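Dear colleague,

I am handing over the structure below, and I would be grateful if you could look through it alongside my notes. They take the chains one after another and then turn to a contact between chains.

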Amino acid sequence: MTVEQEQGLETLEINVNMGPQHPATHGVFRMVLTVDGERVVDLVPHIGYLHRGAEKLSENLDYRQAIGLQDRTEYLAAFNAELCYVMAVEKLAGLEVPERAQYIRVILAELNRITSHYMFMGAFATDIGVFGTAFTYGFREREYIQDLFEEVSGDRMMYAYFRPGGVAWDAPDNFKERVRWVCRQTRVGISDIDGLLTTNEVFVARTRGIGAISSQKAIDYGLSGPVLRACGLKVDLRREEPYSIYDRFDFDIPTGERGDSFDRYWVRLEEMRQSVRIVEQAVEQMPDSGPILPEKLPRRLRCPPGEVYMRAENPRGEYGIYLVSKGGDKPYRLKVRSPSYCNLMALKEMTVGHYVADAVVVLGSIDIVLGEVDR
Amino acid sequence: MIGGNVWLDAFVRLLAVLGLAILVVLILTYVERKFVGRIQMRLGPMRTGPYGILQSIADTVKLVVKEDLRPASADRWVYELAPIAAFVPAFAVLVALPFTDSWGVRVLNLGLFYVVAVSALSVLGYIMAGWASDNKYALLGAMRSAAQLISYEIPVVLALLALAMVAGSLDLVKIVEAQGRVPFIVWQPLGFFIFLAGMLAETSRRPFDVPSAESEIVGGPWIEYSGIRWSILFAFTEYTTMFGLSVFGALIFLGGWNWPLGLDLGWWWQLLLIFVKATLLIMTTLWMSATFPRLRIDQLMGFCWKILLPMAFLQIFFNGLILVYKWPDWTLLLTSGAALVFTAFLIYDATRVRAPVRAPAGGVTS
Amino acid sequence: MSPEEQQEAPIVPPPPGSVADLFAAVLPDVKFQAAQGALDVILTVDREDLRRVLRAAKDDPRLDFKYLRCLSGVDHMEAGVEVVYHLYSYTHKHNVTIKARLPQDDPRLPSATSIWRGADWHEREAAEMFGIFFEGHPNLVPLLLPEDMTDHHPLRKDSPLAEIEEWQAERAGLAAGEAGEAEE
Amino acid sequence: MIGVMKAMVTTMRTMLRKPVTIQYPTVHREIPERNKGFPLLLWDFEADEPYCTGCHACERACPVECMTVIMKDNPKFAEEKSKRRKIVDEFWIDYGRCMRCGICVEVCNFEAIAMNNSWTAQEQSRFDRGELVLDLDQLLAQSKAGKIHPWVAP
């Protein structure tokens, strides 16, 4: 820069508009990069291209109908989103969930965490430039788990299976064997991705030190989930405020130490292993039969007036449902605190100063789901 | 010589090579898709013809029929000529390659020099395309490709120079004959490594596909191109260059048509041998490109200037020492191999993985 | 749901020793209305005190709410617009919900972006959805909605939802009717 | 370069495994019986009429309002051929709008509606959105032909 100025040459910063139609923006995210050569000097994120007004729509739907909207908000980890939502309704309506339903819910939610992280592995590696290999690895394994979801809930992505008070119907008879098989398969898939990426020098060179954020700043920005744990904070809502039956399982909380893209990747990879552990324990403990819905469940669920902020640890971070009821069978106000929306706020902080190519890596490492960012 | 006419002879030979290039591109696109498909546990193309063997023909038809778009703000002539400017050097490489001991379009006694010099000219086409497209992504891609292609030319030239010292000639036929017993890959593993990196960079394949960087600058210089122009600029140039450089690499590093069968066999054996070796090289590049992520532009340049270039100089120095003092051949392997191991260490050191340590329990810092 | 059917939740006082007592100890001159929610303690404060409360919540070591979980707006129609802050402390592992109610015709509030940077987008969202004006916010332009959509606040209860199609049909019918009249 | 080698070994290992592709239009994956395709109406072969009485329960429960039901008096009830006092007259489902949540099946008191768990539900591409609005005959056709084995929640 200084050399050119001494010689009287002008340099020009150009604006590069990435998205809403760009292979690396994971949907319809748009960021305007101001670049000086290859270096990013400013970044303005634009969101809202996928805003469907799920919060407003939920105000007009009863508690059961709104479950479908939760699926479509967080479509890569729909079971986790549903779980958070139905727990919020249960807290407000004071419903007790039967044992078997709790286990089914936890197993499915944890498996959904694995599928979501598989999706991250694939998309993140593709952002860095792997020619679809990691992507197909991730998808291959994800398919096995989705097959299981389909056998249980009837759908591969938009399950609408959890209900306030339990689950819609019982799991099939061979559920336990299928889950065990899926767990074995998942370990193979994890080791494939591990071998392809974790020690690969090119991958490490691209992710080490990229998009690092300190733990103080991460808390200040309200980051959560693997992005926060990558900064070295051992924070997991499943441990901090155990919801559902997470206090019965033994699992580790992997943390990074630098808060960079590699640590985020690594934390997610470890988290998948921990999720497999949780699922395996849950299958062992799960009762073979039993009710799946509370006995006294009204046909049309009504909540007493009150409010609750229910939070759950989703693959992307803290998923919060702020539910206000004023009586009746519909929520008065439903606010979704979506983790990637909050994590995306720190994108500028993480990206500025890096190269254009790194902007894509940082965005990928946050692992956003646009359905959840825009809601 | 056909009919005693030099021009007619040259024309026929050029046609043969052009036909060969087209054939190779068609086969290569199919092979790449199949091969990468298998790596990803897919089947690859399966619909067009048995096992999808007609896929590349179907693609060609589609690309030719597709509308040839040009942005309204593009610089018309530069934009339209860029594909040609990129393709001609790629094709010109093939002209100087001896496919057997007696057949080539024109076997030059400066063949090595010519191939290296000409193959670098493709960059002109990319810069023209990037500039004329009037697109920021294309411009970024053009600048990247200029930086990358020209930089990688230098260590490759030096590595080949070291090789030419051992062979004692710049004539490709003589280089092949010089590898009578043992191909040069054994004596010059470092040189081969540098050549392979340079070849990946020259053909813009992963991990050096920075100019086209699908997920960052969406195709780089050829972002605005479509139809036949895109296929000339991108597919044709890239695959022709890849084929040309693979044959070149097979000639100078893998013993060409000579090793291990010797010169006495007929030309068809020689042709087969060189194609098998070139295919091996191509497969290796495809394999690598299906495995690796992409390097960043500064890492790419750092790799070239900080690792490959000093190593190439080191190689020349050692070779000179050995040749002047007439040390035995195995010292070539020793020095080059040691340098390769050192290179590997440098790469490892630059990206050293330290497994993230767990924060102490309850180690919450807020 | 029509406004007559709506019931307000009864105010249950929080158990002794909860976060509400800590707040009272830290800020003795601020009037808190404390209630126990389904999970957290809910503190309602006046708009004038809000900034002090939030600042103290973050900076006071006894409270140490470093993490702003969520910031939402709730439209209570005649009763005003409510802004809700959900806070969490990583060191003390306690939660609190802080609320401030604003009159519907003058929904102004000091911004919390200088306290938690994470409040940025939440405030922009609340601003565009409820028409709340956050004083001191660096860049209070619509985030999810189109940039020019500043006159209409979709999450307000007076904005149509169930009737949106009727409303659209009505407008279309009006437009068609006008066109028809013009033709006649 | 050890990591690079490890990655290349990984890709080579997966290359030697069997591909997982299912060649879709020629080979159809087996669909689990619980699959939620699109809702279909069922045909009562005993009474030779639809199970559906047109009670509007599904219409009211549908979150996206994709259903329209019209009820009529059952002529067969007067002839005492059927136990249904009322019967469905017209029924439309807009498949373009349906979000396949399965709530209509859950609320139905007569088990008259079911999620289509066969491949016909998956292959619903049309050139015109209007064709995605199915009327009563189309909704009943598959059940009438006996080509659906609906799954009933236990």
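In chain D, 34% of the 154 residues are buried, where a residue counts as buried if 20 or more other C-beta atoms lie within 10 Å of its own, as exposed if 12 or fewer do, and as partly exposed in between, with the C-beta atoms placed from the backbone. Please keep in mind that this is a predicted model, in which local features need a pLDDT of at least 70 and side-chain atom pairs count only at pLDDT 80 or more, while totals for chains, interfaces and linings use all residues. Residues are numbered from 1 along each chain as its sequence is written, and chains are lettered from A and ligands numbered from 1 in the order in which they are written.

The model as a whole scores ipTM 0.84 and pTM 0.88. For chain D the mean pLDDT (the predictor's confidence in each residue, from 0 to 100) is 84, and 99% of the residues reach at least 70. Within chain D, the confidence is lowest in helix α3 (residues 75–78), with a mean of 80, and highest in strand β1 (residues 39–41), with 88.

Chain D contains six helices and seven strands, helices being DSSP runs of H or I with at least four residues and strands runs of E with at least two, numbered from the N terminus. Along the sequence they are arranged as α-β-β-β-α-β-α-β-α-β-α-β-α. The radius of gyration of chain D is 22 Å, whereas a compact globule of 154 residues would have one near 15 Å; this quantity is taken over C-alpha atoms, and the globule rule is 2.2 Å times the number of residues to the power 0.38. The C-alpha trace of chain D spans about 85 × 35 × 30 Å along its principal axes. Of the contacts in chain D between residues at least 6 apart in sequence, 75% join residues at least 24 apart, a contact being a pair of residues whose C-beta atoms, placed from the backbone, lie within 7 Å.

Chain C has four helices and seven strands, which from the N terminus on follow the order α-β-β-α-β-β-β-β-α-β-α. Buried residues account for 34% of its 184 residues, and 48% of the contacts in chain C between residues at least 6 apart in sequence join residues at least 24 apart. Chains C and D do not touch, and their nearest C-alpha atoms are 11 Å apart.

Chain A holds 16 helices and eight strands. Its radius of gyration is 21 Å, close to the 21 Å that the globule rule gives for 375 residues, so chain A is as compact as a globular protein of that length. The C-alpha trace of chain A spans about 85 × 45 × 35 Å along its principal axes, and 65% of the 375 residues in chain A are buried. In chain A, residues 24 or more positions apart account for 71% of the contacts with a separation of 6 or more.

Helix α5 (residues 122–132) of chain B is mostly covered, with nine of its eleven residues buried, including Tyr126(B), Ile127(B) and Met128(B). The buried residues of α5(B) pack against α3 (76–95), α4 (111–119), α6 (136–167) and α11 (227–252) of chain B. After α5(B) comes Asp134(B), which has a positive phi, near 55°.

The residues in contact are Leu26(B), Thr29(B), Tyr30(B) and Arg33(B) from α1(B), and Gln55(B), Ser56(B), Ile57(B) and Asp59(B) from α2(B).

Finally, five pairs of chains are in contact, and of these chains A and B share the most contacts. Chain A gives 41 residues to this contact and chain B gives 40. On the side of chain A that touches chain B, α8(A) gives the most, with six residues.

With best wishes

Note on methods
Contact = placed C-beta atoms within 7 Å.
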